[in-house]
Amino acid sequence: MDALRKAASILFAASLLAGPCSAAVDDGVPALKSPITAEAMGLGGVLPMQEGIDAMFSNPSGLAPIGNNALTLTHAALHADTRIDALGGAFPLPQGRGTLGVSLIALTQDPITARDASGQAAGSVTAYEAVVGLYYAKS
């Protein structure tokens, strides 16, 4: 038990010495900040507490009351030839042990013409993000 206490003390001291790390963290993954569902897009990304399959994208605790397997699929064309696609599934576990959810979110964009220093076309650049989510909720 003394070894465990010593290890905990060392980790605590190291965390105090590490200082703030927020300067090294950016604003996050744009695909996670984009509204996914039609309701979220219609409300400008501001959502009330949701329940059901679409809750996995904003508040995964809302998956808890799902009683049957559920699937959601979303495709939306955004600005500047950007698209967001999402696939999610929620699966209640037997004997009331909660609900397991899984999702895939992809934020993609049409190719952009790359330019060299003189402004001449030099091929194209593609940009995309993909995020996989795993969720668990229980009442």
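User: Hi! Before we start, which pLDDT do local features need here, and what is left out of the side-chain values?

Analyst: Happy to set the ground rules: this is a predicted model in which side-chain atom pairs count only at pLDDT 80 or more, totals for chains, interfaces and linings use all residues, and local features need pLDDT of at least 70. Residues are numbered from 1 along each chain as its sequence is written, and side-chain values use heavy atoms, with hydrogens and water left out.

User: What pattern does the protein follow along the sequence?

Analyst: Helices (H or I, at least four residues) and strands (E, at least two) are DSSP runs, numbered from the N terminus. The protein has 3 helices and 6 strands. Read along the sequence, they give the pattern α-α-α-β-β-β-β-β-β.

User: What share of the residues is buried?

Analyst: Buried means under 20% relative accessible area, exposed over 50%, and partly exposed in between (1.4 Å probe, protein chains only). The accessible surface of the protein comes to about 9,600 Å² (Shrake-Rupley method with a 1.4 Å probe; for residues, only the protein chains shown count as cover). Carbon and sulfur atoms hold 61% of that surface. Of the 139 residues, the buried share is 26%.

User: Among contacts between residues at least 6 apart in sequence, how many percent join residues at least 24 apart?

Analyst: A contact means heavy atoms within 4.5 Å. Counting pairs at least 6 apart in sequence, the share that joins residues at least 24 apart is 45%.

User: Which strands stand at the edges of the open sheet?

Analyst: The open sheet has 4 strands in the order E1-E2-E3-E6, with antiparallel pairing; two strands pair if DSSP finds at least two bridges between them. Each edge strand has a single partner, so one side of it is left without a neighbour in the sheet; these strands are E1 and E6.

User: Which residue in E2 is the bridge partner of Thr74?

Analyst: E1 and E2 run antiparallel and are joined by 8 bridges. Thr74 is paired in E2 with Ala86.

User: Which residue in the turn of the E4 and E5 hairpin has a positive phi?

Analyst: Strand E4 (residues 112–115) and strand E5 (residues 121–125) run antiparallel, joined by 3 bridges. Ile112 has its bridge partner in E5 at Val125. The hairpin leaves 5 residues between the strands, and the turn residue with a positive phi, about 90°, is Gly119.

User: Which loop holds Ala80 and Asp81, where phi is positive?

Analyst: Most residues other than glycine have a negative phi. Phi is near 55° in Ala80, and Asp81 has a phi near 55° too. Ala80 is exposed, with a relative accessible area of 55%, and Asp81 counts as exposed at 51%. Both residues lie in the loop between E1 and E2.

User: Which residue forms a salt bridge with Arg83?

Analyst: A salt bridge is a side-chain nitrogen of Lys or Arg within 4 Å of a carboxyl oxygen of Asp or Glu, and a search of the whole structure finds 1. Arg83 lies in strand E2 and its partner in the loop between E3 and E4, so the pair ties together parts that are 27 residues apart in sequence. Arg83 is partly exposed at 24%. The closest N and O atoms are 3.0 Å apart, and the partner is Asp110.

User: How far apart are the C-alpha atoms of Phe91 and Ile53?

Analyst: Phe91 lies in strand E2 and counts as partly exposed at 37% relative accessibility. Leaving aside residues up to four places away in sequence, Phe91 touches Asn69, Gly98, Thr99, Leu100 and Val102. Ile53 is 38 residues from Phe91 along the chain, and their C-alpha atoms are separated by 9.7 Å.
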